[in-house]
Amino acid sequence: MTAVLEISGLRKTYRSRRRGVRHAVDGFDMRVEAGQVHGFLGPNGSGKTTTLRTLLGLVAPNGGRMAILGQPVPQQLPAVIGRVGAIVESPQFFPHFTARDTLSLLAQAGGLAPHRIPAVLDLVGLADRAGERVRTYSLGMRQRLAVASALLKEPALLILDEPANGLDPAGIREMRTLMRDLVAAGTTVVLSSHILGEIQVICDSVTIISRGRRVTAGPVAEVLAAHSGGGLRVRLEAAADLPAAETALTTADGPPVTVTRHADHLLVHGVDQPARVTRTLAAAGLYVSELTPVTADLESVFLQLTADADADADVDQTVAADQTGAGR
Amino acid sequence: MNLYRAELRRLGKRRFVRYLVAAALLVLVAIAVGTFLGNQKIGPAAFAEAERTAEAEYRAGVEWAEQWRAECERSQTGGAADTNRFPPNCADIVAPTRDMYPAEPYLPATFTFHREFPTTLYIFATLTTLVFFAAGASFIGAEWTSGGMMNLLLWRPRRLRVLFTKLAALLTGALAVTAPAVLLWTAAHWATAVWRGSTAEMTAGAWRSVALTELRVVVLVVAAAAVGFGLAAIGRHTALALGGVLAVLVLGQSGLSFLADVTDATYPEAWLLPMYWIAWMDSSVELTDWQTCAGQPGCVPPTIELTWLHTGVLMAAVVLLVSGVAAWTVRRRDVS
């Protein structure tokens, strides 16, 4: 597949006399295929927004390579920016201008005909209030206006940083539908969000960043499968039989399994074949009423991976400190 | 060209700029109307009335002098001369002469274009310079603080082009307002001179001088707009430009004045910006080195002439420096 966005070894370092050196992005890689909704996740301060700003020419990188629509950026950014719609962090507009004026000025600055303005305002549900000043808008309405400004270019790549910020549930659903429609029309969407359930529902692939580094990337299903742990949830006809089932499974022949007993089910890990569970329990006269693989959701994978990255970084720092101390 | 047109539209739509310019124009209209109403044409009747007043004042002066001398003589004859009140010789108290009471001071106010119009240009220049300095600072400062600049850069990533296109739009706006305004200002005062004063002595040379002063006023306004814009671009905030200029004018000028004083600099006024302002408006100003003649009676102190050209060079240097630093800052600094 064609990559619409490629980042390789991106580095951005901030130096400050008071805070010292901080690596906001540290050798980060990312690849987004055409025609996808790609989730870009990371905890606060992980380097997400810095990456997006760097990609869009707002922040100068210290190293690495980036390309948008096959063109190296920031060198060729002016050539491709007309096909890239973006909102970065919270939307900010001049408060005394109306939504129509705001879009009209942007369209004129970008050399676009103004005929698309009513269409995009309608698309984001702001047509009725397009003549009102932006300062009268709620956060959700400003967010919609930001999305409208990004859509004005009919972009091939749409980069949205927290587009659901301030939106009510109906607004989030509309945004989801809008993104699906855009992708169906051939637009690639990069979506940064903290609403992980939303990302899981809407995205085809994800990249997770922590402490400026990529911790995982790939299709959502593969990322979830890789981190689900292969566990099985086992329910029996009678919950009173759970202790006996636990004993049967832990004492059965074959590779050892780990069993965790809950009030109404068992969680079994380390099983090579689910049939082994049914066979073992049936042999013990216990009958399974439910046997389902335990699938991780994106939130748990995200929390697990970002916590691991934090722990690794702490270990790295400890080792570095030890080595520094040993060198003295 | 699209960006330039968009920025011109943006400038026109900015409420702060609109209100500021409208308020300044209202003040100028009020001054022009006040000048018109506060002056009147001097006819033979008004002159005769002034002559009568001057004559009455002269007579009152003579009467008062005679009374005073009489009191003085009485005081000396009585042997209790009040030396604090009267001179030793009462003959020293002399009555004023008629020529000490000309009619002119008793004439009503009249607007003589040749003499008074250049002074009104000071008012015009001060007001428009301040307005366009603030408008220039706000045009980019408010864009940075509101996030509008970042939005624009997501559409037009060539930062220097964006910066200088915005500046070009601003300067066009400043020129488009100031040039017609100064012509209307001239016309209004010419009308005042025609109906409420005098247009005498307005020779071709006098008109040329007025035109050059007005041209310099327009250049000053454009330069002020560029400096305000540049300072706000450097600090990414309107307040930085206003604060920066305040610091230069108050602290910088006080400091330079103090430095010139303690170092016994010749022509200390040459360190002060108001002198350059006067040179720009009046085409030149003469500075005198009073220190050279300190305690030497009869000494003629040396002088130098500060001309509009000196001010022009200083102004161009400031505009270039501020614009250069602004361009470097906008190009190099991250947008976050």
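How many residues of chain A are in contact with chain B, and how many of chain B with chain A? There are 34 on chain A and 26 on chain B, contact meaning heavy atoms within 4.5 Å.

Some housekeeping. This is a predicted model, in which local features need pLDDT of at least 70 and side-chain atom pairs count only at pLDDT 80 or more, while totals for chains, interfaces and linings use all residues. Residues are numbered from 1 along each chain as its sequence is written, chains are lettered from A and ligands numbered from 1 in the order in which they are written, and side-chain values use heavy atoms, with hydrogens and water left out.

Back to the interface. Chain A and chain B bury about 2,700 Å² between them, 60% of it on carbon and sulfur atoms; buried area is the accessible area, with a 1.4 Å probe, that two parts lose on being put together, summed over both. The two chains share 2 salt bridges, each being a side-chain nitrogen of Lys or Arg within 4 Å of a carboxyl oxygen of Asp or Glu. One of them joins Lys13(B) to Asp101(A), with the closest N and O atoms 3.2 Å apart.

Which elements give two or more residues to the side of chain A that touches chain B? They are β1 (3-16), α2 (77-80) and α3 (99-109) of chain A. Helices here are DSSP runs of H or I with at least four residues, strands are runs of E with at least two, and both are numbered from the N terminus. The largest share, 7 residues, comes from α3(A). By class, this side of chain A has 20 nonpolar, 8 polar and 6 charged residues. Nonpolar covers Ala, Val, Leu, Ile, Met, Phe, Trp, Tyr, Cys and Pro; charged covers Asp, Glu, Lys and Arg; the others, Gly among them, are polar.

Next, the spaces. On a 1 Å grid over the protein atoms alone, a cavity is a set of points where a 1.4 Å probe fits but cannot get out, a pocket is an open set with protein on both sides within 12 Å along at least five of seven lines, and lining residues have an atom within 4 Å of a point. Points are joined across faces, edges and corners, and a volume is the space filled by probe spheres set on the points.

The largest pocket holds about 1,000 Å³. Of its 29 lining residues, those closest to the centre are Val227(B), Val245(B), Leu249(B), Leu273(B) and Val318(B). The lining has 25 nonpolar, 4 polar and no charged residues.

The second largest pocket, about 550 Å³, has 19 lining residues, with Gly57(A), Ala60(A), Pro74(A), Arg159(B) and Arg331(B) nearest its centre. Its lining divides into 9 nonpolar, 3 polar and 7 charged residues.

Pro74(A) comes up again in the backbone. The peptide bond from Val73(A) to Pro74(A) is cis, with omega near 15°, and Pro74(A) sits in the loop between β5 (71-73) and α2 of chain A.

As for cavities, the whole structure has 7 of 30 Å³ or more. The largest is about 100 Å³, and its lining includes Phe93(A), Leu105(A), Arg10(B) and Asn151(B).
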